[in-house]
Amino acid sequence: MQTAIADIQKKHAGQIDHLDLELLIAHILKKPREFVLAHPEYEMSPLKIENLKLKIAQRMRGEPLAYILGYKEFFGLPFLVSPATLIPRPETELLVEMALDEVRSHQSSIKNIIDIGTGSGNIIISIAKAIENFKFQISNFKFYGIDLSKDALTIARRNAKKNNVDKKIKFIHGNLLTPIVENRELEIENSKMIILANLPYLSREIYNATDKTVKKYEPKSALYSPQEGLRHYGELLKQIANLNPTNCIALLEISPEQKVKILSLIKKHFPASEIECKKDLASKWRLVIIRL
């Protein structure tokens, strides 16, 4: 027996957030959410209703909606996600926006844009996609996404293809900048580059205090970093210093309470660098820009 959307919503009201329920119904029907809102009389088959019940149960157990749906929107684009990747956060859009500002300012000299810890590829793909809309020559740009997780790189490559930039981005398996340093064919020497990094930055205390669903479902390796959340950035800064770059801009997403400590760490490696900090929409320190 088929059942109308309105009756299904009434039956499951209060079990999960109403927006989540609308998105789950839309997902199962393979329709936009607007369809669910506009057609409360539309009837769902028993098979689809059973599928919906399973997904509602998943959500009630605390599984992130993005993992249930299999995707998350970021910077206006759809991104596939899996338990192998961190779910893209809205605050990370600041990193993309500031990176695009740097590209606009230095478009004639930038050659390489490198995303460290690319995960689902949301950062580098969003930038490559946005640059397509810029009114200048982009043929000289080279995009790289690096990650230690092969499973994450599989998702990133699928996302690049989904957003039609798979021919522009080279995804590489490796730790931080190591594959760039070791592969001289990438021609990074004596070229202006932008390095993007949204590395694990939660300290033990902050990670332990995060919502239990985050700890249960999202990869700890993409969230937690020892040494008060700064070990990964310490290693990256050391690698950048060893490159001895003369023309580099690095954008690092951080946890707000790390501002003073990461500035000290940056000055240790790059005493003559120009450093700028940016707040996110919640007025929390979220981004550090280093110009070498």
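A crossing of two helices is called left-handed if the near helix is turned anticlockwise from the far one by less than a right angle, and right-handed if clockwise. The structure discussed here is a predicted model in which local features need pLDDT of at least 70 and side-chain atom pairs count only at pLDDT 80 or more, while totals for chains, interfaces and linings use all residues. Residues are numbered from 1 along each chain as its sequence is written, and side-chain values use heavy atoms, with hydrogens and water left out.

By the definition above, the crossing of helix 13 and helix 14 is right-handed. Helices (H or I, at least four residues) and strands (E, at least two) are DSSP runs numbered from the N terminus. The contact, meaning heavy atoms within 4.5 Å, is made by Y233, G234, L237, K238 and A241 of helix 13 and by I262, L265, I266 and H269 of helix 14. Two packed helices are described by the angle between their axes and the distance between the axes. Here axes are lines fitted to C-alpha atoms, for helices over the stretch in contact, and angles run from 0 to 180 degrees between N-to-C directions. For helix 13 (residues 231-243) and helix 14 (residues 259-269), the angle is about 20 degrees and the axes are 10 Å apart. Angles under 35 degrees count as roughly parallel, over 145 as roughly antiparallel, 65 to 115 as roughly perpendicular and the rest as oblique, and helix 13 and helix 14 are therefore roughly parallel to each other.

A second pair, helix 2 and helix 4, packs at an angle of about 140 degrees with the axes 10 Å apart, so these helices are oblique to each other. Helix 2 passes helix 4 in a right-handed crossing, where D20, L21, L24, I25, H27, I28 and L29 of helix 2 meet K48, N51, L52, K55, I56 and R59 of helix 4.

Helix 2 can be followed from one end to the other. The expected span of a helix is 1.5 Å times one less than its number of residues, and helix 2 (residues 18-29), with 12 residues, reaches 17 Å from its first C-alpha to its last, close to the 16 Å expected. Its buried residues (under 20% relative accessible area, against over 50% for exposed and partly exposed in between, with a 1.4 Å probe and protein chains only) are D20, L21, E22, L24, I25, A26, I28 and L29. Their cover includes helix 1 (5-12), helix 3 (33-38), strand 2 (43-44), helix 4 (46-60) and helix 5 (65-69). Just after helix 2, K30 takes a positive phi of about 60 degrees.

Helix 6 (residues 93-105) gives a similar check on length, because its 13 residues should span 18 Å and its end C-alpha atoms are 19 Å apart, which agrees. The buried residues of helix 6 are L94, L95, V96, M98, A99, L100, E102 and V103.

Q258 lies in the loop between strand 9 (248-253) and helix 14 and counts as buried because its relative accessibility is 3%. Leaving out residues up to four places away in sequence, Q258 touches Y201, E228, G229 and L230, and a polar atom of the Q258 side chain lies 2.7 Å from the backbone oxygen of Y201. N198, in the loop between strand 8 (192-197) and helix 10 (204-209), is buried with a relative accessible area of 19%. Apart from its neighbours within four places in sequence, N198 is in contact with T92, I116, G117, I123, Y233 and E253.

Most residues other than glycine have a negative phi, and most peptide bonds are trans. F75, in the loop between strand 3 (71-74) and strand 4 (77-80), has a positive phi near 55 degrees and is partly exposed at 25% relative accessible area. S283, in the loop between strand 10 (274-279) and strand 11 (285-291), has a phi near 60 degrees, also positive, and counts as exposed at 53% relative accessibility.

Technical notes
A polar contact is a pair of N or O atoms within 3.5 Å; within protein, one must be able to donate a hydrogen and the other to accept it, and residues adjacent in sequence count only if both atoms are side-chain atoms.
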